[in-house]
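This report covers sheets, helix packing and aromatic pairs. The chain is displayed first.

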Amino acid sequence: MIKILIVDDEMPIANLIRMNLTRQGYACTCAFDGQQAADLLERNGYDLVLLDIMLPKFDGYDLMAYIRPMGVPVIFLTAKTDVEDRVKGLKLGAEDYITKPFEIVELLARIEVVLRRYNKGQGVLQVDDVVIDLDARDVIQNGQHIELTRKEFDLLVLFCQNPNTALFRETLFERIWETDYIGETRTLDSHVQRLRRKLNWADKIKTVHKIGYRLDIQV
């Protein structure tokens, strides 16, 4: 299981991140200051660190210098939006730099990219009666192979990575089609309808009025 250390002195934010990542099958630990994080890193092995910059005891930049020799990838999560801070963080060796506020769906995507870069991807995602092989881009439901198009597969993965969460049409469109949302929903809606039909998930992929869609499952 992939182990992630979340370092943020804002406890509600850290716990929210932990809750969402735990739903995706990650093993998460929180630290709320630089010293606590250093102690945890000394005692335990982690596959990824999500690191705030403005921390008590010593800041994220100092902690980054401590982590770097360990070879553990780091993603900065911070309210510091200046280009100078971003450049400093990346030059110190961070794999990515995300400014607050951010959407959990974006954080999950960036985590996946970094883990793949380090050959630590999740590989398989199981939700309800569906098993998704992320590397082979294969979907099995109750022992049967389900034929999906590329966009249908990407849409399914996005839903399954964000269970019981209302996803805006804009977010879905921009993530799957990788282009700006211009208010046209027929393409997205038709893909959702086909996905419902192929998986018999009409009762699970719910339309959220004036927002988008939500995958309702028991977790």
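## Terms and model

Contact here means heavy atoms within 4.5 Å. Axes are lines fitted to C-alpha atoms, and angles run from 0 to 180 degrees between N-to-C directions. The model is predicted.

## Helices on the five-stranded sheet

H4 lies across strand S4 (74-78) and S5. The helix runs at about 150 degrees to S5. Helix H5 (residues 104-117) lies across S1, S3, S4 and S5. Its angle to S3 is about 140 degrees.

## The five-stranded sheet

What is the strand order in the open sheet of five strands? The order is S2-S1-S3-S4-S5, and the pairing is parallel. At the edges are strand S2 (27-31) and strand S5 (96-99), each pairing on one side only. From one strand to the next, the twist averages 20 degrees.

Isoleucine 6 has leucine 50 in S3 as its bridge partner.

## The three-stranded sheet

A further open sheet has three strands, in the order S10-S12-S11. Here the pairing is antiparallel. Strand S10 (167-168) and strand S11 (205-208) are the edge strands. Each has a single partner strand, so one side of each is left without a neighbour in the sheet.

S11 and strand S12 (residues 212-215) run antiparallel and are joined by four bridges. Isoleucine 205 stands opposite leucine 215 in S12. Helix H6 (residues 150-161) lies across S10, S11 and S12. H6 runs at about 65 degrees to S12.

## H2 against H3

Two packed helices are described by the angle between their axes and the distance between the axes. Helix H2 (residues 34-43) and helix H3 (residues 60-67) have axes that come within 10 Å. The axes cross at roughly 15 degrees. Angles under 35 degrees count as roughly parallel, and H2 and H3 are therefore roughly parallel to each other. The crossing of H2 past H3 is right-handed.

Which residues make the contact? H2 supplies Gly34, Ala37, Ala38, Leu41 and Glu42. H3 supplies Leu63, Tyr66 and Ile67. By class, the contact of H2 with H3 has six nonpolar residues, one polar and one charged.

## H7 against H8

The axes of H7 and helix H8 (residues 186-199) also come within 10 Å, but cross at roughly 85 degrees. That makes H7 roughly perpendicular to H8, as angles of 65 to 115 degrees count as roughly perpendicular.

From H7, the residues Arg169, Leu172 and Trp177 meet Thr187, Leu188, Asp189 and His191 in H8. By class, this contact of H7 with H8 has three nonpolar, two polar and two charged residues.

## Aromatic pairs

How many aromatic pairs does a search of the whole structure find? The search finds three. One of them joins phenylalanine 173 and tryptophan 177. The rings are 5.3 Å apart, centre to centre, with 15 degrees between the planes. Planes under 30 degrees apart count as stacked, so this pair is stacked.

Phenylalanine 173 and tryptophan 177 both lie in helix H7 (residues 169-177). They are four residues apart, about one turn of the helix. Trp177 is also among the H7 residues that meet H8.

Notes. Residues numbered from 1 in each chain as written. Predicted model: local features only at pLDDT ≥ 70, side-chain atom pairs only at ≥ 80, totals over all residues. Heavy atoms only, no water. Pairing = 2+ DSSP bridges. Helix = DSSP H or I, 4+ residues; strand = E, 2+ residues; numbered from the N terminus. Parallel < 35°, antiparallel > 145°, perpendicular 65-115°, else oblique. Left-handed = near helix turned anticlockwise from the far one by under 90°. Nonpolar A, V, L, I, M, F, W, Y, C, P; charged D, E, K, R; others polar. Phe/Tyr/Trp six-rings, centres within 6.5 Å; stacked < 30°, edge-to-face > 60°.
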